Amino acid sequence: MKRRSFVKGSLTAAGAGVLGQLPREAVGQSAGSDRQTYRAWEVGPKGPFNTMRLVDRPLTPPPGGHVQVKVAASGIAGRDRAITRGWFLQDKKPERIPLSEGVGVVTAVAPGVSRVEVGDRVTSIHFPRWVSGDWTPANYVADVGNTVDGWLTEIATLSQYGLVKVPASVDDATAATLSGSALTAWQALYHVAKVKSGDTVLSLGTGGVSSWGIILAKAAGARVVLTSSSDEKLEMMREKYGVDITVNYRKTPEWGQRVTELTGGKGANIVLENVGWPTLDQSLQAASVNATVVMIGTGPRPKKILSMPDFYIKNVTMKAISNGSRAMMEELVRAIDAVGMKALIAREFAFEEAVAALEFMDQSSHVGKVIIRNS
Ligand SMILES: NC(=O)c1ccc[n+]([C@@H]2O[C@H](COP(=O)([O-])OP(=O)(O)OC[C@H]3O[C@@H](n4cnc5c(N)ncnc54)[C@H](OP(=O)(O)O)[C@@H]3O)[C@@H](O)[C@H]2O)c1
C-alpha cells in the first residue's frame with residue numbers, strides 16, 4: 001500500500017527513502033489519497049434535526065494519538081436524537097459531528113500511534129479513556145459523538161485508545177451497531193448480571209439495545225421475555241429470534257404482573273431496564289426474588305415518587321451502567337466472531353439522508369438498529 005508521511009510537506013523520492021528507515025511510529029502513515037477535503041454532518045444550532053448541516057472540512061493530519069478512518073457505516077442510537085437536537089447532558093458546539101457507533105478502514109495515523117495501522121478495519125468504543133477496569137465519570141471528557149467528534153462523516157478522527165479491530169467475519173452493518181447498543185447489552189448481561197443458560201431475561205422494547213439484548217441473551221441459552229407497544233413487533237421477534245414470552249405494554253399497562261404470571265409466578269431474574277425511570281415500577285414487579293435489574297435507559301424521572309414494589313422483599317440488585325470499556329468490547333467482538341451473530345437492522349439510509357434517518361428513528365417504528373451507509 002502506498003504510504004505518505006504526515007511529517008512536514010510532501011515527500012520527495014529521496015525523503016521517502018530516509019523516512020523509510022525510521023520506525024513507523026516516528027513518521028505516521030497515510031493511505032496516500034490526494035483528497036483535500038471531506039464531507040461531515042454537524043449538529044448545527046440547537047433545534048430540530050433539519051438544523052443539522054452537511055459541510056466540507058479540510059483534511060488535515062490526525063493530531064497526536066489519533067487516527068483517521070474512512071467510514072463505511074455508522075449506527076444511530078436512542079441518545080443521538082437528543083444530541084443532534086443539542087440537548088443531551090449539555091449543549092454541543094454546532095460543529096460537533098454526531099454518532100457514537102461506526103466502522104471503517106484506517107487511512108492515516110499520527111506519529112507515535114502503535115495500536116493500529118493504515119488498512120486496519122476498526123470500530124471505536126464511546127469512551128476511549130475507558131480501556132479496562134471500573135467506570136469513572138471522568139470518561140465523559142471523551143465521549144465519541146457527544147463530547148468529541150463522532151462517526152457521521154466521510155473521514156472520522158478518533159483516539160487510538162478507543163479502537164478495536166473488526167474481524168472480516170463481522171459485516172459492516174453489524175460492526176456499525178456494536179459500540180453503543182451491543183456493548184451496553186454485553187456489559188449488562190455478561191458483566192453485571194452474569195447471564196447463564198436457563199436464566200429468564202426481561203428486555204424492554206424492540207429498539208437497538210433491546211434487540212442486541214435478545215440476541216446476546218439467546219446466545220447464552222436464556223429464556224427471553226420481551227415487552228413492546230406493538231403486537232407485530234412482538235410476533236416478529238418470536239419468529240426471528242425465538243423470544244419465548246411477549247407482552248404488549250400498551251394493551252397491558254400492568255405488564256409487570258403479567259410477566260410474573262407468564263413465568264409461573266417467578267418473574268425474570270435479569271431485567272434489562274432499557275427505558276429507565278418511567279418503567280421501573282413495572283420492571284420491579286416483573287423481577288424475581290434476588291433479580292438483577294440493569295439500569296440502561298435514560299428516560300425522564302416521573303413527577304410522582306416511585307413505589308418500587310417489593311424492592312426489599314425481593315432483595316433486588318440494581319446497577320446503572322454506561323456503555324462499556326475497550327476490554328469488554330474486545331470480548332464482545334470475539335463472541336460475535338465465534339458465534340456468527342448479526343445485528344438486527346431495521347433500515348439503512350444513505351449518508352446524504354442523515355436527517356431522514358433521524359426522523360425515522362423518532363417515529364419509533366423501527367425494530368433493531370437504524371444505520372447509515374457511506375457507500
Ligand atoms: N446506559 C447506557 O450505557 C446506554 C447505552 C445505550 C442506550 N442507552 C439508553 O437506552 C435507551 C434505549 O436506547 P436505544 O438506542 O435502544 O433506543 P431505541 O432504538 O430508540 O429504542 C427505544 C425503544 O424503547 C421502547 N420503549 C419506549 N417506551 C417504552 C415503554 N414504556 N416500555 C417498553 N418499551 C418502551 C420502544 O420499543 P417498542 O417500539 O417495541 O415499543 C422503542 O422502540 C435510551 O434511553 C438510551 O439513551 C443507555
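Predicted model: local features only at pLDDT ≥ 70, side-chain atom pairs only at ≥ 80, totals over all residues.
**Domains.** I looked up the domain assignment for the chain. It gives domain 1 as 13–177 + 343–373 and domain 2 as 184–320. I took the distance between the two centres over C-alpha atoms and got 31 Å. I then checked which parts touch: nine residues of domain 1 are in contact with seven residues of domain 2. On the domain 1 side of that contact I find three nonpolar, four polar and two charged residues.

**Ligand.** I listed the residues around the ligand and got 32, with Gly 78, Gly 205, Gly 207, Ser 228 and Ser 229 coming nearest. By class, the shell holds 22 polar, eight nonpolar and two charged residues. Helix H5 (178–192), helix H6 (208–219) and strand E10 (223–228) each contribute at least two residues to the shell. Where does the ligand lie relative to the two domains? Domain 1 and domain 2 both give residues to its shell, so I place the ligand between them.

**Helix H10.** I followed H10 over residues 326–339. Its 14 residues reach 20 Å from the first C-alpha to the last, close to the 20 Å expected. I marked Arg 326, Met 328, Met 329, Leu 332, Val 333 and Ile 336 as buried. Looking down the axis, I see these buried residues within an arc of 150 degrees, so they line one face of H10. They pack against strand E8 (163–165), helix H4 (172–175) and H5. On the other side of H10, I noted Arg 334, Ala 338 and Val 339 as exposed. Just after the helix, Gly 340 has a positive phi of about 80 degrees.

Terms used
Residues numbered from 1 in each chain as written. Domains from an automatic or database assignment. Contact = placed C-beta atoms within 7 Å. Nonpolar A, V, L, I, M, F, W, Y, C, P; charged D, E, K, R; others polar. Near = placed C-beta within 6 Å. Helix = DSSP H or I, 4+ residues; strand = E, 2+ residues; numbered from the N terminus. Expected span 1.5 Å × (residues − 1). Buried ≥ 20, exposed ≤ 12 C-beta atoms within 10 Å, placed from the backbone. Arc of directions from axis to C-beta.
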